Amino acid sequence: MRLRVGQGFDAHALVPGRRLVLAGVELAGPFGLLGHSDADALAHAVIDALLGASGLGDIGSMFPDSDERHRDADSMQLLAQTLQHVQRDGWQVTNVDCTIIAQQPRIAPYVEAMRRSLAGALGLETGAVSIKAKTTEWLGFAGRGEGIAALAVVALMAD
């Protein structure tokens, strides 16, 4: 049995007039994340972690923002496509551990829905998906409410 671990990171600016989507779950509020796709920073971090663990590159090479086919794309669909590539190479996801870094909005009310969403997208039990929310105690771009960052670690296994 082979085991690999990958880590991913993403960050996007908060702006008025956009939906705020994390792990495919829409969060209520006046601000959303700016990006070429739906700017789901958590899904993007998980995608990068999957690609890194499997040796398939990164989100920018697989879904470049210069490609108009990805404009306003649903990042959970991009995650599903990524998972197909990873599985095609014989890897199975065993667990995912994520951290969302945001001063605002409050993430806690959405964590269980995000865990269920990621678990469903990755074919995992909810218990194999961890999502934690952290503030930066008002430090940096996230602390000033200018954006949201996400980190993800995944473990892959193959026979």
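**Close-up views of the predicted model**

**View 1. A cis peptide bond at Pro 105.** Pro 105 sits in the loop between β5 and α4. The model shown here and in the other views is predicted. The peptide bond running from Gln 104 to Pro 105 is cis. Its omega is near -5°. Most peptide bonds are trans.

**View 2. Strand β5 and its two partners, β7 and β6.** Strand β5 covers residues 92–101, and strand β7 covers residues 147–158. They pair in the antiparallel sense, over nine bridges. With strand β6 (residues 129–134), β5 pairs in the parallel sense. Six bridges join β5 and β6.

**View 3. The crossover from β5 to β6.** The chain leaves β5, passes through helix α4 (residues 111–122) and goes on to β6. This β-α-β crossover is right-handed.

**View 4. Helix α1 against helix α4.** Helix α1 spans residues 41–54. The axes of α1 and α4 come within 12 Å. They cross at roughly 35°. The crossing of α1 past α4 is right-handed. Leu 42, Val 46 and Leu 50 make the contact from α1. Met 114, Leu 118 and Leu 122 make the contact from α4. Which classes of residue form this contact of α1 with α4? Six are nonpolar, with no polar and no charged residues.

**View 5. A salt bridge between Arg 18 and Asp 72.** The whole structure holds seven salt bridges. In the pair shown here, the closest N and O atoms of Arg 18 and Asp 72 are 3.8 Å apart. That separation falls within the 4 Å cut-off, so the pair counts as a salt bridge. Side chains of opposite charge can pair when their charged atoms come close. Where in the chain do Arg 18 and Asp 72 lie? Arg 18 is in the loop between β1 (2–16) and β2 (20–22). Asp 72 is in the loop between α2 (59–62) and α3 (75–88). The pair thus links distant parts of the chain, 54 residues apart.

**View 6. Positive phi at Glu 137.** Glu 137 belongs to the loop between β6 and α5 (140–143). Its phi is positive, at about 55°, although Glu 137 is not a glycine. Most residues other than glycine have a negative phi.

Notes: Residues are numbered from 1 along each chain as its sequence is written. This is a predicted model: local features need pLDDT of at least 70, side-chain atom pairs count only at pLDDT 80 or more; totals for chains, interfaces and linings use all residues. Side-chain values use heavy atoms; hydrogens and water are left out. Two strands pair if DSSP finds at least two bridges between them. Helices (H or I, at least four residues) and strands (E, at least two) are DSSP runs, numbered from the N terminus. A crossover is right-handed if, with the strands pointing away from the viewer, the path from the first strand over the helix to the second runs clockwise. Axes are lines fitted to C-alpha atoms, for helices over the stretch in contact, and angles run from 0 to 180 degrees between N-to-C directions. A crossing is left-handed if the near helix is turned anticlockwise from the far one by less than a right angle, and right-handed if clockwise. Contact means heavy atoms within 4.5 Å. Ala, Val, Leu, Ile, Met, Phe, Trp, Tyr, Cys and Pro count as nonpolar, Asp, Glu, Lys and Arg as charged, and the others, Gly among them, as polar. A salt bridge is a side-chain nitrogen of Lys or Arg within 4 Å of a carboxyl oxygen of Asp or Glu.
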